[in-house]
Amino acid sequence: FTRISRTTRRLGPSQKSSYVYFLCTREVMAAVAFRRGSHPPEDREEERRRHERRNHVVEEVVESERTYVRFLQTIVQEYLQPLQQCTTPVLSREDQRTIFSNIELIASFNASFLVQLESRMAEWSANQKIGDVFLTMSPFFRVYTAY
């Protein structure tokens, strides 16, 4: 493109201003008119790709959290609880605390975190965000300091 110029023209009183872009090339002179706030096709395509990438990232975060919660619950239900309920101790309480630390608290926290993420995904839209879920839950991330 050798030149891009913008002119503004007023439409009727009930209509907003419209921009007319004149794209000058050697072969073709094209005029593309669109209303303020809309985007040319290239911008819409880029925006669509950004939304797809964003959706993919959020889906991956939720799926990773689901997998993590499932693994934590397996550890608690299949290892820690049977050890705690064992009549003949295989490990002392101190050894259990050393090995498992506060895994029950972590599993509970992450299950709650997952519920919030899934609830956000259930009402997902182009403008939806999940950062506030992380911020709300950030004080609880301190349960990991023991590790």
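Trainee: What share of the 147 residues in the chain is buried?
Mentor: Buried residues make up 22% of them. Keep in mind that this is a predicted model.

Trainee: Let's take α3. What span should its 20 residues have?
Mentor: Helix α3 covers residues 103-122. At 1.5 Å a residue, it should span 28 Å. Its end C-alpha atoms are 28 Å apart, so the two values agree.

Trainee: Which residues of α3 are buried?
Mentor: Ile103, Ile106, Ala107, Phe109, Asn110, Phe113, Leu114, Leu117 and Arg120. They cover an arc of only 165 degrees around the axis, so they sit on the same side of α3.

Trainee: Which exposed residues are on the face turned away from that side?
Mentor: Val115 and Ala122.

Trainee: New topic: Gln96. Where does it lie?
Mentor: In helix α2, residues 93-100.

Trainee: Why does Gln96 count as buried?
Mentor: Because its relative accessibility is 5%, and buried means under 20%.

Trainee: What does Gln96 touch?
Mentor: Leaving out residues up to four places away in sequence, Gln96 touches Leu80, Leu83, Gln84, Leu91 and Ser101.

Trainee: Back to the chain. Of the contacts with a separation of 6 or more, what share joins residues 24 or more positions apart?
Mentor: Those account for 45%.

Definitions and conventions. Residues are numbered from 1 along each chain as its sequence is written. This is a predicted model: local features need pLDDT of at least 70, side-chain atom pairs count only at pLDDT 80 or more; totals for chains, interfaces and linings use all residues. Side-chain values use heavy atoms; hydrogens and water are left out. Helices (H or I, at least four residues) and strands (E, at least two) are DSSP runs, numbered from the N terminus. Buried means under 20% relative accessible area, exposed over 50%, partly exposed in between (1.4 Å probe, protein chains only). Contact means heavy atoms within 4.5 Å. The expected span of a helix is 1.5 Å times one less than its number of residues. The arc is that of the directions from the helix axis to the C-beta atoms.
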